[in-house]
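Hello,

Here is the structure I promised to pass on. Please have it open while you read the notes below.

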There are 2 protein chains.
Amino acid sequence: MTIRTPLTEKFGIDYPVFAFTPSKAVAAAVSRAGGLGVLGAVRYNDAGELDDALTFMDQNTDGKPYGVDVVMPNKVPTEGTPENLGELIPEAHRAFVSRVLDDLGVPPLGNDAAHDAGVLGWLHSVAQSHVDVALRHRPVLIANALGSPPPDVIAQAHDAGVKIAALAGAVRHAVSHVDAGVDVVIAQGGEAGGHTGEVATVVLVPEIVRALGGSVPVLAAGGIGDGTQLAAVIGMGAQGAWMGSRWLTATEYSDDGGSRAMQAALVEASSQDTVRTRIYSGKPARLLKSKWTDAWQADDAPSPLPMPLQNLLVSEAHQRIAAAQDPAVVAMPAGQIIGSLDGVVPVADTMAQIVREYREAVGRMRATLGD
Amino acid sequence: MTIRTPLTEKFGIDYPVFAFTPSKAVAAAVSRAGGLGVLGAVRYNDAGELDDALTFMDQNTDGKPYGVDVVMPNKVPTEGTPENLGELIPEAHRAFVSRVLDDLGVPPLGNDAAHDAGVLGWLHSVAQSHVDVALRHRPVLIANALGSPPPDVIAQAHDAGVKIAALAGAVRHAVSHVDAGVDVVIAQGGEAGGHTGEVATVVLVPEIVRALGGSVPVLAAGGIGDGTQLAAVIGMGAQGAWMGSRWLTATEYSDDGGSRAMQAALVEASSQDTVRTRIYSGKPARLLKSKWTDAWQADDAPSPLPMPLQNLLVSEAHQRIAAAQDPAVVAMPAGQIIGSLDGVVPVADTMAQIVREYREAVGRMRATLGD
């Protein structure tokens, strides 16, 4: 039994569940399970690696549709190589990061470790290369996490028959996305993981649905992980849910190289264990609270740098933290829904549970009307 | 056509809409319209005035049920008269308030104005007197906004056949309320107006519903103002919605002496125009953003004092601001839902709209299952 909205019909999927994930294995599993897996491209500094990941998607989704998420600022931020951007980072910031990692017992990288250059996907040139690569595959949707994509990118996608989605944390962003020609607006509440605004999902979703007046379909994001929450946002007029953090504890994620320490930390965490801070990228993003985020909130911590410098500053720290596999020291975007993650579970089981809970929720609502 | 949940059956009301309001006229109108009007008692420093307000409720609700909201800390805070508590307020804080009011052009009170002593309802002794007065009338529910009420108060209410509700901003609060003998838990998300936590409604409600496992009914609060949001929280397992800010623009509120300047400011405001701050009471509370809240966020602003001192500090300021009737300078608890308030509307019209939107939302959800 499917859950149908106009948007599931448009994309030919069984359930209005859109799964944003950095893991190709998770994205593919969601698509196979009847949702739309959306692979986050931002971590692929090398276009060839993204090309390989999308070839995996093409081959492991049983012909079902999938999407790609890029981070393409409409306003071009500072461009440059990691080396010359690095010169803009104050020495005191570097010293703070170095001292905190030592204090937290995070070992240096081994001599043979490749030093990551930081997330360059936030650079316009890199995001553009992600779009070019994606269009050589068969995504049905390209989503953009930071503002409306530039007009030429929208035209490029539309020429290829690919829809464009964009995240909005406020009504005015949603309206400007529609003006720019975006096909799907993702109304993302402040309880979401990663880059996020301050207005909560329950307020933002009906606001944006009303403001767009049905001209463009709306997905709801932020704080959604179960079928009752999917029912809630559909009741508020969304045509589906965009879920991210929900998939961080998928079995497929750790099997695909995702951190088991991070999964252990998420399973332990309550909904109060996140913090919205600029330390990940330079823009406000909600992260799992850990000794790492605590250190940046201490009185002696410097202010985070603007995007893209902050991520360059902390990129080696992120690598060291990932390698150390300490659940108490994690640097991970995560939404408040993590309080409901209570185990490492295969994607198909989670999807089945969401569908079951959704049907129960609809039953509860029908009962209130005596149906 | 009613909207029925076990809780509406228990209280004998037509709609699962619980309206918290400082206005007796609004509370009575909600009860007459088929919801449960809940009168906020905290502003009544004088028990006799609360007694009069509840006599009004008895006489103006067509025999329908209503509730009373008190603010009774389980842990007794600093007690004392306004005079001796006032000695604990630093002079620099008083000077800051005085300077800000002058800068914002808020005139002093006239010589004949009674100087309000501040909100003493946060003192245990005053809240206890509110409960004593309430039990001389016919409320069906006494709600408490700060923690579980003390055991003797719960026993006192239960002896009188009155149910006790308590607000919870986190799962552990909900569990401790149930352990204390509370009859209804109000799961309040961080997008709510007034005292509030940080976990959003869409995350908190199913978390608390799950944690309580049906042992005690849950109401949802925070960001709820329309019928689609009522549907959302019922889908998530709540048995009704607790709405506060929604009623601040009721026609009955300004007719009952509520500030028209405040209503004008709320109608203008977007969902981004609130701020969570300790300046109102000493505990974090979400307020309408205004020149007054901006002043407290400036670099030269002092840190707010603890409860109950902060409210004593600003109580005359609140009176001056209210008297000045300037929509740009407002000191008002308000949730993010204010972005959806687009006019001053009678309670009965709002209730009819909520019911209509609710039915449409349920229809939308049924359609997804092909019903």
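**Salt bridges and the chain interface**

A:Glu198 and A:Arg276 pair through their side chains in a salt bridge, 3.8 Å from N to O. A:Glu198 sits in the loop between strand 7 (194-195) and helix 9 (201-212) of chain A, and A:Arg276 in strand 10 (residues 274-277), so the pair ties together parts 78 residues apart in sequence. A:Glu198 is exposed at 60% relative accessibility. A:Arg276 is partly exposed at 31%. Bear in mind that this is a predicted model.

Helix 5 (residues 91-103) of chain A holds another pair, A:Arg99 and A:Asp103, 4 residues apart, about one turn of the helix. Their closest N and O atoms are 3.2 Å apart. A:Arg99 is partly exposed at 36%, and A:Asp103 is exposed at 54%. In chain B, B:Asp103 and B:Arg99 form a salt bridge at 3.1 Å, N to O. Both lie in helix 5 of chain B. Shared partners join A:Arg99, A:Asp103 and A:Asp300 into one salt-bridge network. Over all chains, the search finds 20 salt bridges.

Now the interface. Contact involves 46 residues of chain B and 46 residues of chain A. The buried area is about 3700 Å², with 56% from carbon and sulfur atoms. B:Met365, B:Thr368 and B:Leu369 supply 18% of the area that chain B buries there, more than any other three residues. There are 2 salt bridges across the interface. One of them links B:Arg210 and A:Asp226 at 3.3 Å, N to O. Polar contacts join 22 residue pairs across the interface. Helix 15 of chain B gives the most to its side, with 9 residues.

Best wishes

Methods: Residues numbered from 1 in each chain as written. Chains lettered and ligands numbered in written order. Predicted model: local features only at pLDDT ≥ 70, side-chain atom pairs only at ≥ 80, totals over all residues. Heavy atoms only, no water. Contact = heavy atoms within 4.5 Å. Buried area = accessible area lost by both parts, 1.4 Å probe. Salt bridge = Lys/Arg side-chain N within 4 Å of Asp/Glu carboxyl O. Polar contact = N/O pair within 3.5 Å; in protein donor to acceptor, adjacent residues only side chain to side chain. Helix = DSSP H or I, 4+ residues; strand = E, 2+ residues; numbered from the N terminus. Buried < 20%, exposed > 50% of the residue type's maximum accessible area, 1.4 Å probe, protein only.
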